Amino acid sequence: MRKKITLIGAGQIGGTLAHLIALKDLADVVLFDVASGIAKGKALDIAQSSPVNKFNIKLSGTDNYEDTKNSDVIIITAGVPRKPGMTRDDLLGINLKIIKQVAEGIKNTSPNAFVICITNPLDVIVMALQKYSGFPKNKVVGMAGILDSSRFIYFLSQELNIPVQKIDSFVLGGHGDSMVAMLGSTKVDGKKITDLVKDGKIKKERLNEIVERTKKGGAEIVKHLEKGSAFYAPAASGVEMAESYLKDLKKQLPCAAFLNGEYDTKDLYAGVPVIIGSNGVEKIVELNLSSEEKENFKKSINSVQELFNAAKKIDPSL
Ligand code: APR
């Protein structure tokens with residue numbers, strides 16, 4: 001039987017997710033949005049490209065949670081995006097309310113789904129979603145690390161003139177300005193980036209600039225667009241997670257996952273490498289961090305914790 005993916009939020013990311021899932025023929029797609037016309041219109045538009053792109057999945061749009069029932073995967077982008085000058089944290093109050101409605105909507109209709117959250121501020125919203133929905137923690141995960149890592153790898157490839165396929169790296173921690181690029185685990189064409197710095201192939205200052213640009217990668221796009229935030233790369237990253245779950249690929253992917261003592265962090269969601277397979281988050285991969293990476297990771301965790309404390313002030317039920 002074909003699998004079913006529900007996309008809650010049919011805006012910029014939701015529409016792009018639907019299109020990518022269709023092009024991969026990955027699963028039937030239900031686009032859900034409070035603005036039902038947007039969901040229906042996009043579903044129909046993409047469906048009309050099926051003869052050209054030769055896919056067979058079904059697409060539909062709705063504002064009724066009944067139509068989303070028994071979904072295998074749910075990807076959530078419901079919420080408002082940033083405006084120029086805003087941080088992701090500025091979205092907290094409004095997106096928290098929206099995520100509570102979404103949790104109510106999905107918890108009885110698709111209790112066995114693997115849920116991927118993209119709505120910002122990511123780490124706190126995914127944590128709230130897990131609490132509001134009561135879904136198992138291994139089945140609720142946030143998309144951020146793949147995107148941040150992808151941005152970092154792209155910038156490195158541009159700087160070093162090396163194809164992205166030859167660069168391995170990832171970015172961990174919270175999905176905000178305190179995210180941590182793992183330089184100790186970054187390899188370019190098999191060579192450690194730290195050795196490239198030693199050999200003078202890239203200056204330490206230039207590498208630091210690339211790390212900073214990665215941290216502000218989303219804001220740079222918000223500034224260009226003037227209206228809305230990034231959607232192509234976030235959608236591609238979300239599909240990577242859904243595919244690893246549906247096909248049991250057991251890929252190691254950096255995602256916002258619930259930490260229960262791993263990385264010296266307890267009772268908090270944050271970006272770490274995880275294995276995603278048919279049981280959801282099957283494993284949290286613990287890497288050896290350098291003392292600098294450890295310190296930066298801790299700082300990042302502290303800012304996620306602070307923001308979650310702010311969320312608890314807004315909604316004491318959390
Ligand atoms: N239920 C379902 N859909 C909702 C709800 C709700 N309660 N509230 C809002 N929406 C819908 C909006 O109608 C809109 O179509 O969510 C959609 C969001 O789409 P966009 O405004 O285009 O935002 P997008 O760029 O897709 O980003 C969504 O992801 O990366 C984050 O920061 C980003 O939080 C933002 C989210």
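Two residues are in contact here when their heavy atoms lie within 4.5 Å. The views below come from a predicted model, in which local features need pLDDT of at least 70, side-chain atom pairs count only at pLDDT 80 or more, and totals for chains, interfaces and linings use all residues. Residues are numbered from 1 along each chain as its sequence is written, and side-chain values use heavy atoms, with hydrogens and water left out.

**View A. Val126 sits in helix 5, residues 122–133.** Helices (H or I, at least four residues) and strands (E, at least two) are DSSP runs, numbered from the N terminus. Leaving aside neighbours within four places in sequence, look for the contacts of Val126 with Cys117, Val140, Val141, Gly142, Ala256 and Tyr269. Val126 has a relative accessible area of 0% and is therefore buried (buried means under 20% relative accessible area, exposed over 50%, partly exposed in between, with a 1.4 Å probe and protein chains only). Leu268 is 142 residues from Val126 in sequence, yet their C-alpha atoms are 10.0 Å apart in space.

**View B. Helix 5 is largely enclosed by the rest of the structure, because 11 of its 12 residues are buried.** Among the buried residues are Leu122, Asp123, Met127, Gln130 and Tyr132. From first C-alpha to last, helix 5 reaches 16 Å, close to the 16 Å expected at 1.5 Å a residue (the expected span is 1.5 Å times one less than the number of residues). Both flanks of the helix are worth a look. Pro121 is found in the loop between strand 5 (114–117) and helix 5, and the peptide bond from Asn120 to Pro121 is cis, with omega near -5 degrees. Just after helix 5, Gly134 takes a positive phi of about 75 degrees.

**View C. The ligand is surrounded by 19 residues, the closest being Gln12, Ile13, Asp33, Thr77 and Gln101.** By class, the shell has 9 nonpolar, 9 polar and 1 charged residues (Ala, Val, Leu, Ile, Met, Phe, Trp, Tyr, Cys and Pro count as nonpolar, Asp, Glu, Lys and Arg as charged, and the others, Gly among them, as polar).

View D. Taken alone the ligand exposes 730 Å², of which the protein buries 86% (areas by the Shrake-Rupley method with a 1.4 Å probe).

**View E. Helix 10 (residues 232–246) has 15 residues and reaches 21 Å from its first C-alpha to its last.** Since 11 of its 15 residues are buried, helix 10 is largely enclosed by the rest of the structure. The buried set includes Pro234, Val239, Met241 and Tyr245. Helix 10 is followed by Asp248, whose phi is positive, near 50 degrees.

**View F. Glu226 and Asp264 are loop residues.** Glu226 lies between helix 9 (217–225) and helix 10, has a positive phi near 65 degrees and is exposed at 62% relative accessible area. Asp264 lies between strand 12 (251–260) and strand 13 (266–277), with a positive phi near 55 degrees, and is exposed at 74%.

How values were computed: A residue is near a molecule or strand if one of its heavy atoms lies within 4 Å of it.
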